[in-house]
Amino acid sequence: AIPADGVQVASADDPSAVGELILAVNDASPNPSDGATSGTPADQGKQQSQRQDVKAIPLSNGAVDLITDIEEFEPEVYPDQGGNDTIGYGHKLLEDEKKLYPKGTFIDEGNGREFLRADLGNAERAVRQLVQVPLTQNEFDALVSFTYNVGKGVPKKRDGSGGSGLAGSTLLEKLNTGDYDGAAKEFSRFNKVWDKRLASGS
C-alpha cells in the first residue's frame with residue numbers, strides 16, 4: 001500500500017502489488033461517497049458511466065468497501081516484503097507512528113480503516129495530479145486502488161528507463177493520450193500476472 005508521503009519505491013510495471021481489486025472495482029458499480037450522486041438508480045448509473053474532470057470525482061464508498069474486503073486486515077504490526085513495519089490494511093508506519101505502535105501492538109478494524117482512508121487520500125491526490133483526461137467514477141476508483149498499491153512514484157527518464165508507481169507506468173502514458181482501451185489493457189495485464197502468482201503461491 002502507498003505510504004503516507006504518497007511515494008513508494010517500486011517498479012512502475014511491477015504486478016506484484018496489484019491484485020484482482022483493479023478489475024473488480026472497474027467492473028463494479030459501487031455506491032459513490034455521500035453527495036456524489038443523486039436521483040434514481042438509473043440516474044446514478046448514468047453518472048458513474050459519464051466521464052468528468054478528475055478533480056471533481058470523489059472516491060466512492062463502494063471502492064473503499066471493496067478494498068477492505070480484498071486487502072487482508074492485520075491487527076498487529078508486521079514487516080512487509082520490504083521489511084517496513086506495517087499494520088491494518090497495509091499501512092506502512094512512519095517513524096513517529098512507530099513510537100505509538102511498536103511491535104506487539106494491536107489495533108482494531110476501525111483504526112485500520114482510519115489508516116486506510118488516509119492512505120487512499122494520498123492516492124486520490126496523486127491521481128488528480130497526474131491524470132490529464134476525464135474519467136468515469138469506476139475508472140477513478142480503479143486508478144486510486146492501483147495507486148494505493150504501487151504508489152505515486154516518479155516518471156521515467158527521457159530515455160524511457162526507470163520510473164515507478166503510477167507516474168512511471170505505461171498505463172498512465174496511454175491514458176493521458178486518450179487511449180482508454182490501451183490503459184484498460186494495462187489493468188488486465190497487471191491482473192493476469194498477479195493471478196498467476198497467486199496460483200503458484202509466489
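A residue counts as buried under 20% relative accessible area, as exposed over 50%, and as partly exposed in between (1.4 Å probe, protein chains only). By that rule, 45% of the 202 residues of this chain are buried. The model is predicted: local features need pLDDT of at least 70, side-chain atom pairs count only at pLDDT 80 or more, and totals for chains, interfaces and linings use all residues. Numbering runs from 1 along each chain as its sequence is written, and side-chain values use heavy atoms, with hydrogens and water left out.

The chain holds eight helices and three strands. These are DSSP runs, numbered from the N terminus: helices are H or I with at least four residues, strands E with at least two. Along the sequence the order is α-α-α-β-β-β-α-α-α-α-α.

Now take helix α6, residues 137–150. The expected span of a helix is 1.5 Å times one less than its number of residues. For the 14 residues of α6 that gives 20 Å, and the end C-alpha atoms are 20 Å apart, so the two agree. Of its 14 residues, 14 are buried. G151 follows α6, with a positive phi near 90 degrees.

Helix α5 (residues 109–130) crosses α6 at roughly 115 degrees, and the axes come within 8 Å. Axes here are lines fitted to C-alpha atoms, for helices over the stretch in contact, and angles run from 0 to 180 degrees between N-to-C directions. The contact (heavy atoms within 4.5 Å) involves residues of α5 including L116, L120 and V127, and residues of α6 including F140, L143 and Y148.
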